Amino acid sequence: MNTELNKLIHAMILDSHMPAKVIAKQIGKPYSTLLREVNPYDGGAKLGVETFLEIIKLTGDTACIEYMVEELGYEMRPKSMRKTG
């Protein structure tokens, strides 16, 4: 997996306004399991996409999604900026 993306996911947990233990509790995972799943240096652990989405919803951190969108050659903007009609 892309190392930059792994580091962004790890930072989303560790640098959040919400403590990692609170995030883990809110998504129903043991703290140690969550930290292992987002550890960019642990090739044996994987973060599921549903858990990933829940973390983004909780933290409000969209850096990982922005990175993926950019890598795919797209742009991302909030719904409030969409053209109507």
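Author: Helices here are DSSP runs of H or I with at least four residues, strands are runs of E with at least two, and both are numbered from the N terminus. By that rule, alanine 24 is found in helix α2. This is a predicted model, in which local features need pLDDT of at least 70 and side-chain atom pairs count only at pLDDT 80 or more, while totals for chains, interfaces and linings use all residues. Residues are numbered from 1 along each chain as its sequence is written, and side-chain values use heavy atoms, leaving out hydrogens and water.

Reader: How many helices and how many strands are there in the protein chain?

Author: The protein chain has five helices and zero strands. From the N terminus on, its elements therefore read α-α-α-α-α.

Reader: Why is alanine 24 called buried?

Author: The relative accessible area of alanine 24 is 1%. Buried means under 20%, exposed over 50% and partly exposed in between, with a 1.4 Å probe and protein chains only, so alanine 24 counts as buried. Not counting residues up to four places away in sequence, alanine 24 touches Lys29, Pro30, Tyr31 and Leu34, where contact means heavy atoms within 4.5 Å. Alanine 24 and isoleucine 55 are 31 residues apart in sequence, yet their C-alpha atoms are 8.8 Å apart.

Reader: What makes aspartate 15 exposed?

Author: Its relative accessible area is 63%, and that value lies over the 50% limit, so aspartate 15 is classed as exposed. Aspartate 15 is found in the loop between α1 and α2. Its C-alpha atom is separated by 20 Å from that of alanine 45, which lies 30 residues away along the chain.

Reader: Which residues touch the most other members of the largest nonpolar core?

Author: They are Ile9, Met12, Ile13, Leu34 and Ile55, in a core of 16 residues. A nonpolar core is a set of buried Ala, Val, Leu, Ile, Met, Phe, Trp, Tyr and Cys residues joined through side-chain atoms within 4.5 Å. Two or more of its residues come from each of α1 (3-14), α2 (20-27), α3 (31-38), α4 (49-59) and α5 (63-71). Methionine 12 is in contact with Phe52, Ile55, Ile56, Thr59, Asp61 and Cys64, leaving aside neighbours within four places in sequence. In soluble globular proteins, nonpolar side chains tend to be buried together.

Reader: Which residues of α3 are buried?

Author: Leu34, Glu37 and Val38 are buried in α3. They lie on the same side of α3 because they cover an arc of only 90 degrees around the axis, the arc being that of the directions from the helix axis to the C-beta atoms. What covers them includes α1, α2 and α4. In α5, Cys64, Tyr67 and Val69 are buried, with α1 and α4 among the elements that cover them.

Reader: How do you know that the charged end of lysine 21 sits over the ring of tyrosine 31?

Author: The charged end lies 5.2 Å from the ring centre.

Reader: What share of the residues in the protein chain is buried?

Author: Buried residues make up 28% of the 85 residues. Among contacts with a separation of 6 or more, 53% join residues 24 or more positions apart.

Methods: Lys NZ or Arg CZ within 6 Å of the ring centre and 35° of its normal.
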